[in-house]
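This report describes a two-part model chain by chain, beginning with the terms that the description relies on. Please keep the sequence and the structure in view while reading.

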Amino acid sequence: MIEDLIFGIFAVAALASAIGMIALKDLFRSALCLVAVFISIAGIYVMLNAEFLAVVQILVYVGAISILIIFAVMLSDDVKSANLSNKLQIPAMLLCGLILAILLVAVVSTQWNTISDVNRSLVDTVQIYSVDPEISESTEDFSLASLLLTDYVLAFELVSVLLLAALVGALSLMRGADER
Amino acid sequence: MMSLETILGLAAMLFVIGIFGVLTKKNIIAVFMSLELMFNSVNLTFVGLSYFVMPVNLVTDLSTAMTGHVFAIFVIAVAAAEVAVGLGIVFALYRVNGSIELSSDIGRAT
């Protein structure tokens, strides 16, 4: 019961902040609304057994990405009325309504194979203890860290190369054409 | 109230709001913010499915319960890289163009 209430608060906060991000004219306030969306989604992660992802969400999105975005907001000439829309609003709204309807129909009409009550506690244990350092020393190793370095090691290495490439790319973009 | 359908519905609404922002915003920073919102809604979908949907081989391999979380971590890493390069492009555009508006008269300032 209390879980439903807290989830409802986070969900409504996320939706309201997202709509505020689109609707507000002040680009700076719109960026702050985006931060509110990030924090609400981190709260929902905590309720979905993903504490590690919630912390990563706060660190990466609220800590780093929003700072970068707010830094870039300062480039706008007139921040107070910078968040304007173009003339495509009505066609875009129709398209978005169509996409939302398709998605919701797909969600409702799919026969989801949800976790039965027998397996619920097992899945909860796995997901909560996946960041416990002692798990990786036990016989059944399901920790997130060793999963990243065994089953998903190719994707892990590719992501590190991607981050390095993004770093070099951003630096070379910042240097500008005249200094090259 | 916290069920798979509500989580997926919430993620779908956030995703559609993101699409609307990408299509209609004039300022490139606002387009970026809408993109971040879309990344977040996809992550929410991954984590919600990981929480509610039964993994196929759960009994033989417990780590299949973590697949959604691993995917969400990779999405966050790719989003961070995208923001770094994207904002680099924004700064380059600002230096060349003197403005970061996305409109038909782009390049007029040069």
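## Terms and conventions

Helices, taken as DSSP runs of H or I with at least four residues, and strands, taken as runs of E with at least two, are numbered from the N terminus. This is a predicted model, in which local features need pLDDT of at least 70 and side-chain atom pairs count only at pLDDT 80 or more, while totals for chains, interfaces and linings use all residues. Residues are numbered from 1 along each chain as its sequence is written, chains are lettered from A and ligands numbered from 1 in the order in which they are written, and side-chain values use heavy atoms, with hydrogens and water left out.

## Confidence of the prediction

For the complex, the predictor gives an ipTM of 0.90 and a pTM of 0.90. Confidence in chain B is highest in helix α1 (residues 4-24), at a mean of 94, and lowest in helix α3 (residues 67-97), at 89.

Over residues 106-110 of chain B, pLDDT stays under 50, and the model has six contacts for this stretch beyond four places in sequence, a contact meaning heavy atoms within 4.5 Å. Where pLDDT is low, the predicted coordinates should not be read in detail.

## Overall form of chain A

Chain A has seven helices and zero strands, and along the sequence its elements follow the pattern α-α-α-α-α-α-α. Its radius of gyration is 21 Å, well over the 16 Å that the globule rule gives for 180 residues, so chain A is more spread out than a compact globule; the radius is taken over C-alpha atoms, and the rule is 2.2 Å times the number of residues to the power 0.38. Along the principal axes, the C-alpha atoms of chain A fill a box of roughly 60 × 45 × 30 Å.

Of the 180 residues of chain A, 37% count as buried, where buried means under 20% relative accessible area, exposed over 50%, and partly exposed in between (1.4 Å probe, protein chains only). The accessible surface of chain A comes to about 10600 Å², with 72% of it belonging to carbon and sulfur atoms; these areas come from the Shrake-Rupley method with a 1.4 Å probe, and for residues only the protein chains shown count as cover. Among contacts in chain A between residues at least 6 apart in sequence, 53% join residues at least 24 apart.

## Selected residues of chain A

S30(A), in helix α2 of chain A, is buried, with a relative accessible area of 0%. Leaving aside residues up to four places away in sequence, S30(A) touches M21(A), L24(A) and N83(A) as well as M33(B). In the loop between α2 (27-47) and α3 of chain A lies N49(A), which has a positive phi of about 65° although it is not a glycine; N49(A) is buried, with a relative accessible area of 9%.

V56(A) is found in helix α3 (residues 51-73) of chain A and, at 17% relative accessibility, counts as buried. Beyond residues up to four places away in sequence, V56(A) touches Y61(A) and I76(B). V56(A) and K25(A) are 31 residues apart in sequence, and their C-alpha atoms are 30 Å apart in space.

## Chain B and T24(B)

Chain B has three helices and zero strands, which run α-α-α from the N terminus on. Its radius of gyration of 19 Å is well over the 13 Å that the globule rule gives for 110 residues, so chain B is more spread out than a compact globule. The C-alpha atoms of chain B fill a box of roughly 65 × 25 × 15 Å along the principal axes. Buried residues make up 59% of the 110 residues in chain B, and the chain exposes about 4000 Å², of which carbon and sulfur atoms supply 70%.

T24(B) lies in helix α1 of chain B and is buried, with a relative accessible area of 0%. Not counting residues up to four places away in sequence, T24(B) touches L84(A), S85(A), N86(A), L88(A), Q89(A) and A92(A). The C-alpha atoms of T24(B) and R95(B), 71 residues apart along the chain, are separated by 24 Å.

Notes
pLDDT = per-residue confidence, 0-100.
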